[in-house]
Structure formats: C-alpha cells, structure tokens
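Dear colleague,

I am handing over the structure below, and would ask you to keep it open beside this message. My notes on what was found in it follow.

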Amino acid sequence: RAGWILIDRCGKHFGMILNFLRDGAVPLPESRTEIEELLTEAKYYLVQGLGQQCHAALQQKRDAVDPICRVPVITSLKEEQKLITTSNKPVVKLLYNRSNNKYSYTSNSDDNMLKNIELFDKLSLRFNGRVLFIKDVIGDEICCWSFYGQGRKIAEVCCTSIVYATEKKQTKVEFPEARIYEETLNILLYEPRDGLGGPDKALLEATGGAAGRSHGPPDEDDDRDRIDRVRRIHVKRLDDRSHQHQ
C-alpha cells in the first residue's frame, strides 16, 4: 500500500471541498444540517475559507426570523377544498373581493372592509395553532366569513347588503364584530381534544353543536340536514326608501 493515503471520512461533501480548493468559492446547500456537515468536513481538511463561509451562512440563518403565523391565500376552489377537508383544526375563511361589486359603495363601506380584514389578522394571531385561517380573494362574494368544523361549513356571516340612496342601488359593507367573535368562539368546539381523534362529542351535544348530533355513518339525508344546519347570518339594514315611507 505504499504511496496511498487513507482518508477515513464520508465522501458526501468531498466534491464541494475539492471545488472550493479549485475555485475559491462554492454554492452552499440550503439545509442548515448540510451546512453544519460541510463545516465539520472543512475543519477536518483545514480549509479555513470554506469554514468561514459556512459560519457566515449559519449565522445568517440564525438571524432570519420565521413567521409566527402563516395564513394561506386561496388560489383555486380545489385548493380551498383540500385545505378544509384535510385540516384537523377548525377553519375560518375570510372572502373579500372588492371588485365583485356592480354598484357603487356607501361612504363607510371601505372602512368597514378594512376593519373586517384587520379583525381577521388579529384573530389569526390570537388563535394561531388552534384554528386554520385562510384568505379567499377570488370568490364571488364581496365580504363574507365562513366557519368550518370537521371538514364542513358550520356557519357563515355575510357582511354585504344592497341599500337604496337617492333612488339608486348601493352596496353596503358592514362590520358585525360581535357576531364574528361569537362564531369564532363557537368553532373552537370542533377543536380536537387531547387524546381524542376529534372534538368532544358530549360538549358539542351540550352546546347544540351540529356534529354532536350525528353519531352514525353519514347518509344522503344526513348530508341534506347538515346543509340545512349551516348558520347563515346576513347583515340586513332597512333601505332609505323604507324610512321615508314610515
């Protein structure tokens, strides 16, 4: 074995060591684990320049801030259905699409639209990890909240209505803050409990939750009943012409 030197190291990163020695620089892996592995090899082979590059990359990753809360934005109906049906958490969806309106907006509608969006952001932070919050900007409504439990819609709060002003129709966006808070708290009933595969059935029954009333396998009648049990709350206001006739 004269003339041979045994290097008792894994060859996984040896190619990068050689490339650095040839070129003086090398693109580092994206994974923190692989950078740490490469740093170990650089120290073993006494390649100081590569070691410094690895140290700098690891420090940059430590300084990077991971977002506390991630809110997916719906890009298709198929994506929305997959997110809702595969989530083991309750789901709150805010649909807002200002361009869906064919009438002009009332004076307070823009402010109320922003208030709905701000409340959604606050709730997504407050219940992060317990509820999946998703945004929909491609739907057919203008401003509408939907609440899901166990993959199906439990309640809906529509924040828009048509009103009359000086003999022409206008779209009015409301901000039913109390109702939105109430439905968000109600949807927590569908949160999986520790050690259970789903929500607490007894608690749902005691509070009138729709899921708590169905214990057997679903059939066609059950599906129809579930649709009927969705709480749909539409903000209604008397139009100006009604006030004039009273």
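**Strands, a sheet and some loops**

Strand 6 (residues 152-158) is largely enclosed by the rest of the structure, because 6 of its 7 residues are buried, where buried means under 20% relative accessible area, exposed over 50%, and partly exposed in between (1.4 Å probe, protein chains only). Please bear in mind that this is a predicted model, in which local features need pLDDT of at least 70 and side-chain atom pairs count only at pLDDT 80 or more, while totals for chains, interfaces and linings use all residues. Residues are numbered from 1 along each chain as its sequence is written, and side-chain values use heavy atoms, with hydrogens and water left out. Helices (H or I, at least four residues) and strands (E, at least two) are DSSP runs, numbered from the N terminus.

Strand 6 runs antiparallel to strand 5 (residues 143-149), and 6 bridges join them; two strands pair if DSSP finds at least two bridges between them. Cysteine 144 has cysteine 158, in strand 6, as its bridge partner. The hairpin of these strands has 2 residues between them, and there glutamine 150 takes a positive phi near 55 degrees. Glutamine 150 counts as partly exposed, at 42% relative accessibility.

Turning to the open sheet, its 3 strands have the order 3-8-7, with mixed pairing. Strand 3 (104-105) and strand 7 (160-165) stand at the edges with a single partner strand each, so one side of each is left without a neighbour in the sheet. Strand 7 pairs with strand 8 (residues 168-173) in the antiparallel sense over 6 bridges, and valine 163 stands opposite glutamine 170 in strand 8. Helix 5 (residues 109-126) packs on the sheet, touching strand 3 and strand 8, and its direction makes about 25 degrees with that of strand 8 (axes are lines fitted to C-alpha atoms, for helices over the stretch in contact, and angles run from 0 to 180 degrees between N-to-C directions).

Threonine 171, which has its place in strand 8, is buried, with a relative accessible area of 2%. Leaving aside neighbours within four places in sequence, threonine 171 is in contact (heavy atoms within 4.5 Å) with residues including Tyr103, Ser109, Ile142 and Ser161.

Leucine 46 lies in the loop between helix 2 (32-44) and helix 3 (48-63), and its phi is near 60 degrees, a positive value in a residue other than glycine. Leucine 46 counts as exposed, at 70% relative accessibility.

With best wishes
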